[in-house]
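Reader: I'm new to this one. Can you walk me through it?
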Amino acid sequence: MDAIILQILNGLDKGSAYALIALGLTLIFGTLGVVNFAHGALFMIGAFVAVTLQRIFNLSTEHVDPTKTDFLGNPLKVKVPYVESWFGPEVGAALIDWSVPIAIVLAIPVMLLVGFVMERGLIKHFYKRPHADQILVTFGLAIVLQELVKYFFGANPIQTGAPDAFSGSMDFGVLLGFDPNTIMYPYWRLVYFLFAAIVIGGVFAFLQFTTFGMVVRAGMADRETVGLLGINIDKRFTIMFGLAAAVAGVAGVMYTPILAPNYHMGMDFLVLSFVVVVVGGMGSLPGAVAAGFLLGILQSFASMNEIKSLIPGIDQVIIYLVAILILLTRPRGLLGRAGVMEE
Amino acid sequence: MSKSNFTRRGLLKTGAVTGAGLAMPTIFTSGAAAFTNEPTGNTVTFGFNVPQTGPYADEGLDELRAQELAVEHINGMGDGGMLNTFSSKALDGTGILGKKADFVTGDTQTKSDAARASAKSMIEKDGVVMINGGSSSGVAVAVQGLCQEAGIIFMAGLTHSNDTTGKDRKANGFRHFFNAYMSGAALAPVLKEAYGTDRRAYHLTADYTWGWTQQESIQSATEALGWETVNNVLTPVGAGDFSSYITPVMNSGADVLILNHYGGDMINSLTQAVQFGLRDAQANGKNFEIVVPLYSELMAAGAGENIKGVYGSMNWNWQLSDAGTQAFVKSFGEKYGRPPSNSAHTCYVQTLLYADAVTRAGSFNPCAVAEALEGFEFDGLGNGPTLYRAEDHQCFKDVLVMKGAENPTTEYDTLEIVEQTAVEQVMYEPNHPMFGGDDATLGECNDGA
């Protein structure tokens with residue numbers, strides 16, 4: 001039983017990331033009709049916003065420590081971060097320690113800007129082009145973005161830790177009546193799940209309970225009619241692109257303590273998230289979220305030794321098997337609108 | 001009146017023969033030369049085939065730095081580095097057999113097909129006499145096969161699978177780097193000393209050639225100590241999130257987790273294992289321990305504080321105190337502002353060893369060079385006395401057991417040397433079952449003539 005609960009937790013955690021990326025993907029498809037293969041790159045850029053902020057906080061002044069030597073035998077240059085010089089050792093160290101959560105504040109405007117530039121500068125020229133063209137141009141853009149990140153940050157994964165307060169594991173099993181140390185789960189992964197739930201809830205509330213959201217939903221249902229009412233739906237859709245970019249970006253920021261960021265992390269998540277969108281239903285927001293968690297949990301269960309011993313390699317193909325099954329039996333996806341992907 | 005002999009059929013025949021001739025790779029048509037890419041001018045060209053893009057690009061960059069430095073030293077530039085400490089004095093800093101050394105580079109992308117394509121291009125278009133470098137066993141085996149067919153020498157880079165000089169050994173290929181068997185043999189006594197003989201190990205293993213041989217080797221070495229193997233789970237390469245594979249470890253009855261992962265996979269799996277509290281856990285009345293059989297400096301830097309106290313092994317490390325190591329670290333450090341990695345060291349010494357072998361053989365003919373390298377014993381290139389064994393072209397020297405440093409002072413000393421395991425302890429027979437047994441042979445040397 002403890003193994004099953006652990007895999008459910010793992011699945012919810014993986015599913016949180018899939019759902020956050022898929023939410024943005026399906027939002028863009030539902031509003032602009034664009035299949036955005038650069039969306040994974042936005043997740044990666046978000047992660048590197050956290051890396052950048054950590055590096056900014058670690059910018060240091062150097063002074064020579066004559067008691068120590070470097071690898072060449074020269075006196076060692078000891079680095080003291082500027083933030084520690086300016087705000088004192090304690091505040092400076094706390095800023096560095098909390099750089100990941102703080103990076104969210106930086107990531108939101110950065111990602112809105114990136115989304116705006118991407119949409120106005122490139123993607124809007126492909127609205128009326130076939131999906132194949134959109135996929136090619138956004139896939140190309142994703143490769144350009146990841147190569148740029150590699151140029152500036154290198155190819156190696158960069159460790160970006162959670163704050164010390166969240167670095168350990170929680171005895172989750174005790175809460176459920178298990179013996180101590182039976183179900184240990186990292187604090188940060190629980191934080192990530194809560195964070196994802198808040199962001200997803202926020203996006204839904206924004207679309208459901210604001211006038212802006214109502215217009216966007218109307219535009220998703222019938223763009224032409226909304227336009228005929230004199231509403232500038234294009235402007236609102238551009239803002240939605242920025243919002244989708246920001247969601248992917250903050251998802252990337254918060255994921256850095258779980259997965260050390262590297263330049264191809266966006267591509268790794270993109271393919272899975274795209275499958276999530278197809279399974280959930282292209283353009284369906286609840287579908288993307290439900291499919292994200294469902295596939296995350298399925299993938300985790302497929303990784304269990306008991307399952308792998310029955311069907312070797314199932315952990316690597318389970319998501320795609322489900323996608324094939326869904327496309328064969330219900331092409332519109334679990335919660336997709338009738339007609340989408342069915343004509 | 002002249003009569004033309006051209007006929008449609010004759011023209012087609014001629015065209016077909018000419019076309020076939022043009023289409024045939026030049027490496028198979030070097031009839032004029034005594035051997036493939038025999039150097040004729042004032043220079044001789046090496047091909048440095050390393051990952052310049054992809055996940056191991058940083059490692060490839062370090063290999064390139066070292067190879068460039070080696071060429072400088074061969075040509076008499078710089079301070080000479082390890083040429084000053086190398087026991088063979090055949091190289092005098094005036095190039096090789098009167099020719100200046102030069103190089104071209106290829107990008108393996110850490111993909112076998114891309115690595116073969118770049119190696120082929122360097123052999124056919126740039127006329128290289130040897131290929132050096134790389135950061136993957138899959139790539140090494142693929143490029144080694146190509147060099148064997150083409151008739152040039154292959155000096156493998158960072159390749160740790162037993163297969164490279166085991167079942168896939170080739171007469172034209174040599175490996176300075178150590179292998180998975182040696183890691184297991186070196187680590188076992190240290191693990192016994194640190195954790196005792198009553199342990200239960202759980203393996204997570206990268207699902208490809210290196211992972212399999214690494215796991216087989218360390219399992220064999222630890223079971224010889226009396227350890228029990230609880231489970232071995234194959235994980236996909238580049239899985240990223242290993243949580244689903246790590247959580248079953250906690251209640252499996254194991255008290256040691258062995259991560260047969262390398263590169264980004266190792267960084268992620270180790271970090272996540274620590275996040276799940278494994279390093280602080282207790283099992284079977286003992287502290288839970290994590291072991292990473294193969295370390296590299298770049299991985300250690302990526303894993304950060306998570307490697308503290310974790311044992312692993314390395315081919316070489318810049319912190320060794322022998323004269324050769326110090327000379328190389330000084331040359332490399334002054335030129336690039338950082339100490340060299342162990343893959344950089346391998347590529348550097350292999351370039352020197354190739355040049356030295358050519359000089360001793362008095363020829364660039366790959367079979368003469370191979371003969372000069374076979375059974376060659378030397379010193380002064382780090383790790384103490386070293387042998388290039390004739391039977392399998394594997395290099396034998398001391399192996400380093402490393403541990404994550406508790407209090408590193410810089411980003412470069414995150415690992416510390418625990419023990420320099422004597423070469424005798426990591427030796428094995430050329431027909432060892434893990435290395436292809438009696439069926440494994442080098443085959444015939446091919447000079448491409």
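Author: One term before we start. Two strands pair if DSSP finds at least two bridges between them. And keep in mind that this is a predicted model.

Reader: Okay. In what order do the strands of the open sheet in chain B run?
Author: The order is β7-β6-β8-β11-β12-β16-β17 in chain B. That makes 7 strands, with mixed pairing.

Reader: Which are the edge strands?
Author: β7 and β17 (415-421) of chain B. Each pairs on one side only.

Reader: How much are neighbouring strands turned against each other?
Author: By 25° on average, direction ignored.

Reader: What about β16 and β17(B), parallel or antiparallel?
Author: Antiparallel, over 6 bridges. Strand β16 of chain B covers residues 399-404. B:Val399 has B:Thr421, in β17(B), as its bridge partner.

Reader: Which helices pack on the sheet?
Author: Helix α5 of chain B, residues 180-195, is one of them. It touches β8, β11, β12, β16 and β17 of chain B. Its direction makes about 150° with that of β12(B). Helix α6 of chain B, residues 209-225, packs on the sheet too. Helix α6 touches β6, β7, β8 and β11 of chain B, and its direction makes about 165° with that of β6(B).

Reader: Switching topic. What does the domain assignment give for chain B?
Author: Domain 1 is 43-178 + 318-397, and domain 2 is 181-314. Their C-alpha centres lie 30 Å apart.

Reader: How many residues does the contact take from each domain?
Author: 14 from domain 1 of chain B and 16 from domain 2 of chain B. On the domain 1 side, α2, α4 (137-150) and α11 (342-361) of chain B each supply at least two residues. That side divides into 3 nonpolar, 8 polar and 3 charged residues.

Reader: And between the chains, how many residues are in the contact?
Author: Chain B gives 37 residues and chain A gives 33. On the chain B side, the largest share comes from α7(B), with 6 residues. That side has 16 nonpolar, 18 polar and 3 charged residues.

Reader: Now chain A. How many helices and strands?
Author: 15 helices and 4 strands. Its C-alpha trace spans about 75 × 50 × 35 Å along the principal axes.

Reader: What radius of gyration does chain A have, against a compact globule?
Author: Chain A has 22 Å. A compact globule with 343 residues would be near 20 Å, so the two agree. Of those 343 residues, 47% count as buried.

Terms used. Residues numbered from 1 in each chain as written. Chains lettered and ligands numbered in written order. Predicted model: local features only at pLDDT ≥ 70, side-chain atom pairs only at ≥ 80, totals over all residues. Contact = placed C-beta atoms within 7 Å. Nonpolar A, V, L, I, M, F, W, Y, C, P; charged D, E, K, R; others polar. Domains from an automatic or database assignment. Rg over C-alpha atoms; globule rule 2.2 N^0.38 Å. Buried ≥ 20, exposed ≤ 12 C-beta atoms within 10 Å, placed from the backbone. Axes fitted to C-alpha atoms, helices over the stretch in contact; angles between N-to-C directions.
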